[in-house]
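Trainee: I've got a structure open and I'd like to learn how to read it. Can we go through it together?

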Amino acid sequence: MTAAETLAGPVNPGSWQYRQLNARAPGLSYLSDALSALVEDGHPVMAGTADLQYSNGLARFAARYPDRFIQFGISEQNMVSAAAGIATTGMTPFVATFASFLGLLCCEQIRMDVAYSALPVRLIGHHAGIALGFYGTSHHATEDLAIMRSIAGLTVVNPADGPQLAAAIKASADHPEPIYFRIGRGQEPNVYDDLPDFRFGKAIEHETGTDLTIIACGTMVHPSREAVRALRASGLSVGLIDMHTIKPLDREAVLAAAERSRIILTVEEHNILGGLGGAVAEVMAEAGTKAVLIRHGIRDEYSLIAPPTHLYRHYQLDAAGIETVVHDILS
Amino acid sequence: MPTTAIAGPAPDPMGAGRTPTPEILAPEILAPETIAHLEERARHVRLETIRLIAIAKVGHYSSTFSCAELFATLYYDAMRLRHGEPRWPDRDRFLMGKGHAAVGLYPLLADWGFFPKELLDGYTRLGNPLGDHPDMTKVPGVDFSSGSIGHALSAGLGMVMGGRMMGRRFDVYVMLGDGEMQEGQVWEAAMAAAHQKAGNLIAIVDRNGYQLDGQVDEVMGIEPLADKWRAFGWEVHEVDGHDVAALATLFRRLKQDKTRRKPACVIARTLKGKGVGYMEREAGWHLGYLAPEDEAAAIAEIMGQPASPAIAQKDAAQGDAR
């Protein structure tokens, strides 16, 4: 059996679903393109998904490199364990499914077969947080950062947009640890231009401020940046840090911000327990900072269902909501 | 320390629902010295298992005894390995879904020169890499870690697919417990392996009939097992798991068939505790510890000498695994 005979499954570039890929989720095209770039650079990478090649856009990669793609069908646990097996042969697998299924359903496979076994598997949890809106709680992932962060030996990254995801994937080529990439639904506006600087564990400081610093991750970086612009225009000294790597956390960036600002506000599309807010809280508490921490996100509840933009407004996770939260804190 | 066995139900080592299959093999093609060598290696597995568990003071004797001939045949006849090269990229792979039998595998890995034999003497002690379950990050020659039942067939399938993408051809053997058939992920992997035409994937079910809480077919029935694998698109072979000639013949035949497009499932009919009479008859021997006099009797029986009758009274006390 040769690689060319591998069954990548049906990928029809002429199909309606395929033609819609870019229009529906432009941010996700960066995933396929970044993986293709690794293949073109000679890296032994492959991709796999569990019946979601149109949701995550990997159909683009599958059409380009059918001998580097595996369609696993609806069997996420099998996919994760198989990815670990693939990684033992020298191939670097990128396997993708909804963050809810990856982070919760496959938690033990990730712990035992991937992280504990120290195999360079790349796990892509897409449509994280409440991005699947009215599909319901089964499809929401507001626990995955907390779970993944507590698994030893796993790097946890939550890129802000497609370009940063592509930069992180490029940087992953010589990253020895397994990585959990937590990404959105690909409809977020871009924060960065193509291939921004990216180093695992090195936060990106957008603005510095003395009144308050927002530390945001993932899809919350863009609305936080919009909010910070408005707040600064109104005369407040508000800073912004993009904490794209949740683990290892950039402790220096947190402590520098806590030194400079009276208040740290974390913003995440995740439960305020155990994710970015939890990670920042641990650093600040252990260091005994004078700055106060306030965590903003989903407040230990199951999200309502609604179109995602409606949910972001409801939970004050859009730019206007974040701006209001900061005003309320500072007044 | 008295002989202990953690309780199990009434014995019926053959399990329920088994049907004898016609012997499809021709063991006479194996040289007598080959057969004798494999039988000696299986004895070595059992004796070393007893020696190592005496260090840990608790262990899975009977689960290891049921697959001693499988270990011996795989590691001394079927698998392509290189002495002292546990990471040779073209080696055949061996994964254990039933990782709790690793105590019987370690002596063979040491014999292959994958790690110093002296490590065996510190089995399970602080700082030693050899534990009850095999750990690929600690033990050279262990191709994949296990402990949580149900992952191994998926990982083995991943090795097949990774090898295919890397342009390497090797065979992947995955030994599964019969109780493991109850895990859903096994069947996800079984479906995927047939779909991916993983002809170089060989699952071996150690059908010893028991799991922790009792007889497999009373705890959660798995029959008709061969039909299940066939329905999932696998080629199925049923074989006496203690007949090294039959096992070697079957594994040789599977290895020679380079055109097979179906993964192969070998259902090995085995006896839990095989080789030590009172373990064969007593289902409680999933996890236990032998007192010195019982240990001597077990060794004598494995070596082919008559066993002492005054042995193996089950005791309610737990083995000292602390």
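Trainee: Is the crossing of α1(B) and α3(B) left-handed or right-handed?

Mentor: It's right-handed. For the handedness, a crossing is left-handed if the near helix is turned anticlockwise from the far one by less than a right angle, and right-handed if clockwise. Before we go on, keep in mind that this is a predicted model, where local features need pLDDT of at least 70, side-chain atom pairs count only at pLDDT 80 or more, and totals for chains, interfaces and linings use all residues. Residues are numbered from 1 along each chain as its sequence is written, while chains are lettered from A and ligands numbered from 1 in the order in which they are written.

Trainee: At what angle do α1(B) and α3(B) pack?

Mentor: The general idea is that two packed helices are described by the angle between their axes and the distance between the axes. Here α1(B) and α3(B) pack at about 125°, and their axes are 8 Å apart. Axes are lines fitted to C-alpha atoms, for helices over the stretch in contact, and angles run from 0 to 180 degrees between N-to-C directions. That makes α1(B) and α3(B) oblique to each other; under 35 degrees counts as roughly parallel, over 145 as roughly antiparallel, 65 to 115 as roughly perpendicular and the rest as oblique. As for the names, helices (H or I, at least four residues) and strands (E, at least two) are DSSP runs, numbered from the N terminus.

Trainee: Which residues in α1(B) meet α3(B)?

Mentor: Two residues are in contact if their C-beta atoms, placed from the backbone, lie within 7 Å. On the α1(B) side you'll find H37(B), L38(B), R41(B), A42(B), V45(B) and R46(B). They meet residues in α3(B) including F71(B), A72(B) and Y76(B). The residues of this contact between α1(B) and α3(B) divide into seven nonpolar, two polar and four charged. Ala, Val, Leu, Ile, Met, Phe, Trp, Tyr, Cys and Pro count as nonpolar, Asp, Glu, Lys and Arg as charged, and the others, Gly among them, as polar.

Trainee: Why is helix α4 of chain B largely enclosed by the rest of the structure?

Mentor: Because nine of the ten residues of α4(B), residues 102-111, are buried. A residue is buried if 20 or more other C-beta atoms lie within 10 Å of its own, exposed if 12 or fewer, and partly exposed in between, with C-beta atoms placed from the backbone. Among the buried residues of α4(B) are V103(B), L105(B) and Y106(B). The buried residues pack against α1, α2, α3 and β2 of chain B. After α4(B) comes G113(B), with a positive phi near 75°.

Trainee: How many helices and strands does chain B have?

Mentor: Eleven helices and nine strands. Of the 322 residues in chain B, 54% are buried.

Trainee: What domains is chain A divided into?

Mentor: Domain 1 is 3-182 and domain 2 is 204-330; such bounds come from an automatic or database domain assignment. The C-alpha centres of the two domains of chain A lie 27 Å apart. In their contact, 23 residues of domain 1 of chain A meet 27 residues of domain 2 of chain A.

Trainee: Which peptide bond in chain A is cis, with omega near 0°?

Mentor: Most residues other than glycine have a negative phi, and most peptide bonds are trans. In chain A, look at the bond from K247(A) to P248(A). P248(A) sits in the loop between β10 and α10 of chain A. In chain B, a cis bond joins E223(B) and P224(B), with omega about 0°.

Trainee: What is the phi of L195(A)?

Mentor: L195(A) has a positive phi of about 45°, although it is not a glycine. L195(A) is partly exposed, with 15 other C-beta atoms within 10 Å. K197(B) is not a glycine either, and its phi is positive, about 50°. You'll find K197(B) in the loop between α6 and β4 of chain B.
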